[in-house]
Amino acid sequence: MAVGVLLSVGAASCSPEPAVNEKENKLHEDPVRAVFTLQEGTLQGEGKFDKQPREADFKSSGAAAQVIEWETTQADGWHVTSANDRFKVKNTQDNPNVVYSLKMEYYNAKGEMMNHQFFDLGQDKIHQHFFSMYKEVEFGGTKGSVRVSNKADLPYDYRYADELNGNYIGESNPMGFQGFIRFVKSGTKFTLSVDLLHAAESKFDDDGKASPFYLPAKVLLSTGLWDINVKLPVEIDGEPATEPSAMLLAADQVEIAGYEGHLHGLYSFHQNPSAKENNYMGKNYRLVYHMKNGQWVADEANAKMVSLIGSKSGGGVTAFSIRYFDKAGNDITGKLVEGGEDNHFQHFFIAKDIKPAYGGVKESTDENGPEFLSYLYCDTSPWDKTHKFDNATFTGEKNPIGVKGYFTFPHSHKTFNLEVCLMRAKESKMVGGKASPFYAPTEKQLKEEAWMPTITIPMNIYMDAMELELDADLLVDDISSLSTDEKTYSESDRKALHSFMEAFGVKSFETALAEFYWNLNGERKEDSTGFWF
């Protein structure tokens, strides 16, 4: 637990004044005792856990509450002082209706409960509990712990249930002094990190939304303080679930091929022919990932960023083809289909951390969903044959798997992480007779189905196809007449050229200009070769 922090940087405190004592500047005292109470019970109403549950909806099972207390002493600092030092809980696989009420109580040096101090005088707008789990990683030669950022990897789920002046604020103004938690992975032991954020300015983003319970926003991590940090060991009963990688697919390597192209019909993708003189535009991508310690790790030879041309008009698209291989190098992609497995498997493609790239601006559509990017499942039967050359039948519309399909990127000058997530449903991937959309598995699927580790692909949609046609006239007979002085080019041309330079790490303006020149003038052959579905 961390309290009473002295700050010398004003930006990280609630006051705009620099070089202040944050302990004196806070509008609340620092706790000297913390009590965490976990009570087993149920919620009244089917599916209530996902429908803004409130304290009034909770019914105790009658089991004794579990309590863990932390306290500070001069000799030992912050430490556990209760006889109980861990929570032992039931899993939702065997006990689907069981939830737990989790409450926090903080006390000052006088022994007075002080929870209200985090609500009074507008303090509710800058305080929020987070319930996180950490994992070990290695980066830059150093091993350390980082928050788990993929909710599907958490063995628990949580809902805020706070009230202020008798009004429910769990959704609009989450605090975490009271809430509900359930444990979704049987036979798991982990440490729940309970952290009370003290935001520098506001805990809400520009859209007025708070961070999810398990992952504070970057600005909160960089500028906020922590009034409370405690670790609560949790033991979930039951038999450990089979490891996802073994349950889903014994894959040791995955390869993803990417091709920019166009359409000859809804499913008739055809790879764009490119001028042989082009070194960057129209390049194909082959991304390789290796399974290491239960995670997909990018091969060192992979491009650091997949840089593509977007298409506001929808005429330009990018195909992805995914193949899985076992340790012996055998292609095992067919296991997603064979023996009726196609009724269980589905890839999802989710956009995360969307930001403006060079020349871009933040837009309301900068969030995961069909307005930001679209994907069409183009799976076939047989799965490894083409419609173009083998007369295979397209099955992606009614039975999407995602082994092959194409993206449309209507918003350019954007960077984001594309998360490729493979799910295997226990019974059926269909929900109400339909598959979930490519960008949005259901909450139930996220919690209850099996998932392969997530593949994360850094993306840069560096320009729109319409920007390829510069204002400058590149159709000249005398190449020497082309100016290489960027000051002679229009603002829109400079934006396009520098967007390209930024995407591919090109330093020379002349090199960038040559890429646009050859893209327009270079010889290419449009025929039946190239990648087709």
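Visitor: At what angle do the axes of helix α6 and helix α7 cross?
Guide: At roughly 105°. Keep in mind that this is a predicted model. The axes of α6 (residues 491-504) and α7 (residues 509-521) come within 10 Å.

Visitor: What do you call that arrangement of α6 and α7?
Guide: Roughly perpendicular. Angles from 65 to 115 degrees get that name.

Visitor: Which residues of α6 and α7 meet?
Guide: From α6, take A496, L497, H498, F500 and M501. They meet F509, A512, L513, E515 and F516 in α7. The residues of this contact divide into eight nonpolar, one polar and one charged.

Visitor: New topic. How many aromatic pairs are there?
Guide: The count comes to 41. One of them joins F118 and F177. Their centres are 5.7 Å apart, with 35° between the planes, and the pair is tilted.

Visitor: Where do F118 and F177 lie?
Guide: F118 is in the loop between β6 (99-107) and β7 (127-132). F177 is in the loop between β12 (167-168) and β13 (178-183). So the pair ties together parts 59 residues apart in sequence.

Visitor: Are F118 and F177 buried or exposed?
Guide: Both are buried.

Visitor: And what about the rings of F348 and W451?
Guide: Their centres are 5.7 Å apart and their planes sit at 45°, so this pair is tilted. F348 belongs to strand β22 (residues 345-356) and W451 to strand β30. F348 and W451 are both buried.

Visitor: Which residues form an aromatic cluster?
Guide: Among them are F320, F349, F372, Y375 and Y377.

Visitor: Which ring does the charged end of K388 sit over?
Guide: The ring of W532, 4.3 Å from its centre. R33 lies over the face of Y107, at 4.6 Å from the ring centre.

Visitor: Last one, P453. Where does P453 lie?
Guide: In the loop between β30 (450-451) and β31 (455-464).

Visitor: Why does P453 count as buried?
Guide: Because its relative accessibility is 11%, and buried means under 20%.

Visitor: What does P453 touch beyond its sequence neighbours?
Guide: Leaving out residues up to four places away, P453 touches M291, G294, Q295, W296 and V420. The C-alpha atoms of P453 and V297 are separated by 10.0 Å, and these residues are 156 apart along the chain.

Key
Residues are numbered from 1 along each chain as its sequence is written. This is a predicted model: local features need pLDDT of at least 70, side-chain atom pairs count only at pLDDT 80 or more; totals for chains, interfaces and linings use all residues. Side-chain values use heavy atoms; hydrogens and water are left out. Helices (H or I, at least four residues) and strands (E, at least two) are DSSP runs, numbered from the N terminus. Buried means under 20% relative accessible area, exposed over 50%, partly exposed in between (1.4 Å probe, protein chains only). Contact means heavy atoms within 4.5 Å. Axes are lines fitted to C-alpha atoms, for helices over the stretch in contact, and angles run from 0 to 180 degrees between N-to-C directions. Angles under 35 degrees count as roughly parallel, over 145 as roughly antiparallel, 65 to 115 as roughly perpendicular and the rest as oblique. Ala, Val, Leu, Ile, Met, Phe, Trp, Tyr, Cys and Pro count as nonpolar, Asp, Glu, Lys and Arg as charged, and the others, Gly among them, as polar. Rings of Phe, Tyr and Trp (its six-membered ring) pair if their centres lie within 6.5 Å; planes under 30 degrees apart count as stacked, over 60 as edge-to-face and the rest as tilted. A charge sits over a ring if NZ of Lys or CZ of Arg is within 6 Å of the ring centre and within 35 degrees of the ring normal.
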